[in-house]
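Have the viewer open and follow along.

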Amino acid sequence: MNANQLANVLSEKKKKLEEKIVLQAQNLNISYDNDLAVKDVSIDISEHSITAIIGPSGCGKTTLLNIISGLLNPTKGEVFFNNENVTLKTPVERNIAQIFQFPVIYDTMTVYNLSLIHISEPTRLLSISYAVF
């Protein structure tokens, strides 16, 4: 790697660090009848990113989204939108909604292509983040 390539890599890493975090979940837990459905989950989502939460059935993906959207309150942890603590706010107060997936599998498409299906207006894709359980 030459000096110019190294400078470009470092510049890109600096830009990543400067990206605005629009959603932050810190140490989220929720339990049902003494069973932890979500345990110590933390995630930062940057502005202009597309995030996929991937995992097997029953691992807590929907529960995590329900906590983030305000449909459930965590037993531990906090949720922030634009650095504002919204943990105890309702979905209406958070100004957020969920769109549930439809039961269709496109086995010929990549995760990247699937993530772009429902984007109705041009979006600049800066990064794709994954939370795997």
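Predicted model: local features only at pLDDT ≥ 70, side-chain atom pairs only at ≥ 80, totals over all residues.

Residues are numbered from 1 along each chain as its sequence is written, and side-chain values use heavy atoms, with hydrogens and water left out.

Now for the sheet. Four strands make up an open sheet, ordered β2-β1-β4-β5, with antiparallel pairing; two strands pair if DSSP finds at least two bridges between them. β2 and β5 (84-85) sit at the edges with a single partner strand each, so one side of each has no neighbour in the sheet. β5 pairs with β4 over two bridges, in the antiparallel sense, and F81 stands opposite E84 in β5.

What holds the middle together? In general, nonpolar side chains in soluble globular proteins tend to be buried together. Here the largest nonpolar core has 14 residues, and L28, V79 and F81 touch the most other members. Such a core is a set of buried Ala, Val, Leu, Ile, Met, Phe, Trp, Tyr and Cys residues joined through side-chain atoms within 4.5 Å. β1 (21-32), β2, α2 (61-69) and β4 each supply at least two residues of this core. Leaving aside residues up to four places away in sequence, V79 touches a list of residues that includes L28, I67, I68, E84 and V86; contact means heavy atoms within 4.5 Å.

Just after α2, G70 takes a positive phi of about 95 degrees. Over the protein's 133 residues, 24% count as buried. Among contacts between residues at least 6 apart in sequence, 56% join residues at least 24 apart.

Charged pairs come next: the structure holds two salt bridges, each a side-chain nitrogen of Lys or Arg within 4 Å of a carboxyl oxygen of Asp or Glu. One joins D40 and K76 at 3.1 Å, N to O. D40 lies in strand β2 (residues 35-46) and K76 in strand β4 (residues 76-81), so the pair ties together parts that are 36 residues apart in sequence. D40 is partly exposed at 38% relative accessible area, and K76 is partly exposed too, at 41%. The other bridge links K89 and E84 at 2.3 Å, N to O; K89 is partly exposed at 27%.

Finally, the outside. The protein exposes about 9,700 Å², with carbon and sulfur atoms supplying 54% of it; areas come from the Shrake-Rupley method with a 1.4 Å probe, and for residues only the protein chains shown count as cover. M1, L6, V9 and L10 form a nonpolar surface patch with about 410 Å² of accessible area together. Patches are made of residues with over 30% relative accessible area and no salt bridge, with like charges joined within 9 Å and nonpolar side chains (Val, Leu, Ile, Met, Phe, Trp, Tyr) within 5 Å. M1 is found in the segment before α1 (3-18) and is exposed at 72% relative accessible area.

How values were computed: Buried < 20%, exposed > 50% of the residue type's maximum accessible area, 1.4 Å probe, protein only.
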